[in-house]
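Please keep the sequence and the model in view while reading.

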Amino acid sequence: YKPVVVFDVQQTAGKPLPELAANLTGDVQNYEVFMEALRRSAPVPIFFEKLAENMDGYFSVDKQRIVLREGMSEVQTVSAAVHEIAHAKLHNYGLQQAAERKHKSRNTEEVEAESISFMVCAYFGIETGANSFGYVATWSKNAELPEFRASLDTISKTANGIITDVEKHFAEVCKERGIELPKDTEY
């Protein structure tokens with residue numbers, strides 16, 4: 001080994017370094033109702049807890065629950081919730097029948113969950129591309145094309161199922177709470 005001079009990024013000048021994934025900011029229209037619709041669509045309970053800043057949430061197979069980080073923006077929270085719901089629906093190997101059980105690589109699981117999150121959020125007009133594209137790129141960098149082709153049908157069917165569930169539950173919650181939405185609201 002030999003000593004070399006290095007610089008901290010703060011000691012440099014120039015354009016900011018590109019980020020693969022960014023924290024999402026912004027509000028979600030009818031956020032409380034939307035989160036309740038997501039809770040009702042989830043196959044396991046959703047909890048909020050203090051988590052490390054670099055962790056938006058997780059699905060616990062052992063405890064059969066989803067945990068989301070407290071204090072995130074509404075957009076980041078919805079995106080993380082859908083991501084973890086996708087994991088709970090697709091990657092809950094402990095509860096699947098032996099015939100259905102096909103363990104996938106962690107990379108494939110993360111790409112599936114984030115792709116589903118992106119599709120569901122996009123359907124409801126919630127922009128998550130700043131985070132989703134970098135996240136998927138990171139998890140898919142060494143992937144084989146046939147592996148991801150096999151996931152496309154799973155991603156599409158699961159996203160459509162979640163969208164259908166959320167729309168149904170959103171309407172139920174609005175009715176229960178006496179909320180009338182403008183006629184141009186799609187969900």
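A residue is called buried under 20% relative accessible area, exposed over 50% and partly exposed in between, with a 1.4 Å probe and protein chains only. This is a predicted model, in which local features need pLDDT of at least 70 and side-chain atom pairs count only at pLDDT 80 or more, while totals for chains, interfaces and linings use all residues. Residues are numbered from 1 along each chain as its sequence is written, and side-chain values use heavy atoms, with hydrogens and water left out.

Asn 30 has a positive phi of about 55 degrees although it is not a glycine. Helices (H or I, at least four residues) and strands (E, at least two) are DSSP runs numbered from the N terminus; Asn 30 is placed in the segment before helix H1 (31–41).

The largest pocket comes next. On a 1 Å grid over the protein atoms alone, a pocket is an open set of points where a 1.4 Å probe fits, with protein on both sides within 12 Å along at least five of seven lines, and lining residues have an atom within 4 Å of a point. The lining of the largest pocket comprises 26 residues, and Asp 56, Gly 57, His 83, Glu 84 and Tyr 135 lie nearest its centre. Helix H2 supplies the largest share of this lining, 6 residues.

Glu 84 itself lies in helix H2 (residues 74–90). A salt bridge is a side-chain nitrogen of Lys or Arg within 4 Å of a carboxyl oxygen of Asp or Glu.

Elsewhere, the structure holds 10 salt bridges. One of them joins Arg 69 to Glu 53, with the closest N and O atoms 3.5 Å apart. This pair links distant parts of the chain, since Arg 69 is in strand E3 and Glu 53 in the loop between strand E1 (46–49) and E2, 16 residues apart. Arg 69 is buried, at 6% relative accessible area, whereas Glu 53 is exposed, at 64%. Arg 69 also meets Asp 56 in a salt bridge (2.8 Å, N to O).

Lys 89 and Asp 165 form another salt bridge, their closest N and O atoms being 3.8 Å apart. Lys 89 is in helix H2 and Asp 165 in helix H5 (residues 145–177), so this pair ties together parts 76 residues apart in sequence.
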